[in-house]
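Welcome! Take a moment to look over the sequence and the 3D view, and then we can walk through a few features together.

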Amino acid sequence: MYKNWMCCLVIIALIGFTGCKKKGPDDMPKLYPCTITVTMGNSPVDNALIYLSPKSETQQKWYASGFTDAGGVCSVKTISEYKGAAEGEYTVIITKEIVDPEWKADPNNLTPPVNVSAIPLQYSDAKETPLSVTVQKETNNFNLELEPFKSGSYARYKIFPGR
């Protein structure tokens with residue numbers, strides 16, 4: 001008898017959760033699936049933060065963002081929580097920080113490591129980035145190829161304080 005009740009409860013729970021989806025705020029626009037693949041020098045850019053900043057002033061609160069995986073692919077979420085992005089034009093901002101490869105640990109000096117940008121800084125500046133996408137009422141897949149550093153060294157660009 002106990003087994004029957006447990007089976008019924010499990011079935012009810014599964015039925016109840018199957019259609020559950022985060023609704024979001026009442027004024028949130030409809031979201032459309034959106035993935036962005038980022039490469040630099042024909043190699044995927046992993047662990048980069050992708051930020052889609054709406055170009056429309058009225059849509060500013062509906063930004064979308066996410067991190068790239070090992071293949072350089074990011075599935076964006078609106079306000080970091082809801083899958084997809086609203087229809088519209090976006091400025092694309094990309095950042096990726098790594099520990100400066102020239103930094104050396106020294107047991108006599110407890111200076112924390114310094115982070116540097118692993119991609120050219122123009123992509124992390126909303127006013128300078130040449131990247132933009134237009135999300136449409138469909139599944140959206142964008143491929144963004146970043147121009148590599150001209151000097152070949154990321155350490156010579158912006159240095160961020162260690163965290």
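How far is the sulfur of C74 from the closest cysteine sulfur? This is a predicted model, and in it the distance is 7.9 Å, to the sulfur of C34, which is too far for a bond. A disulfide would need the two sulfur atoms within 2.5 Å.

**The nonpolar core**

From the cysteines we can move on to the core. The largest nonpolar core holds 29 residues, and I36, L52 and I94 have the most contacts inside it. Several strands each supply at least two residues of this core, among them β1 (31–32), β4 (49–54), β10 (88–95) and β14 (140–146). The strand β2 gives the most, with four residues. As a general background, nonpolar side chains in soluble globular proteins tend to be buried together.

Leaving aside residues up to four places away in sequence, I36 touches I50, L52, G72, V73, C74, V76, F142 and L144. C74 from the opening question is therefore one of the residues that I36 touches.

**An aromatic pair**

Next, the rings. One aromatic pair is found when the whole structure is searched. It is formed by Y51 and Y63, whose ring centres are 5.3 Å apart and whose planes meet at 25°, so the pair counts as stacked; the cut-off for stacking is planes under 30 degrees apart. Y51 sits in strand β4, while Y63 is in the loop between β4 and β5 (64–67), so the pair ties together parts 12 residues apart in sequence.

| Residue | Relative accessible area | Class |
|---|---|---|
| Y51 | 28% | partly exposed |
| Y63 | 23% | partly exposed |

**How confident is the model?**

Finally, a word on confidence. The protein chain has an average pLDDT of 83, and 79% of the residues score at least 70. Residues 1–11 are a part to read with care: pLDDT stays under 50 there, and the model shows zero contacts beyond four places in sequence for them. Residues 14–19 also have a pLDDT below 50, and this stretch has zero contacts in the model beyond near neighbours in sequence.

Methods
Residues are numbered from 1 along each chain as its sequence is written. This is a predicted model: local features need pLDDT of at least 70, side-chain atom pairs count only at pLDDT 80 or more; totals for chains, interfaces and linings use all residues. Side-chain values use heavy atoms; hydrogens and water are left out. A nonpolar core is a set of buried Ala, Val, Leu, Ile, Met, Phe, Trp, Tyr and Cys residues joined through side-chain atoms within 4.5 Å. Buried means under 20% relative accessible area, exposed over 50%, partly exposed in between (1.4 Å probe, protein chains only). Contact means heavy atoms within 4.5 Å. Rings of Phe, Tyr and Trp (its six-membered ring) pair if their centres lie within 6.5 Å; planes under 30 degrees apart count as stacked, over 60 as edge-to-face and the rest as tilted. pLDDT is the predictor's confidence in each residue, from 0 to 100.
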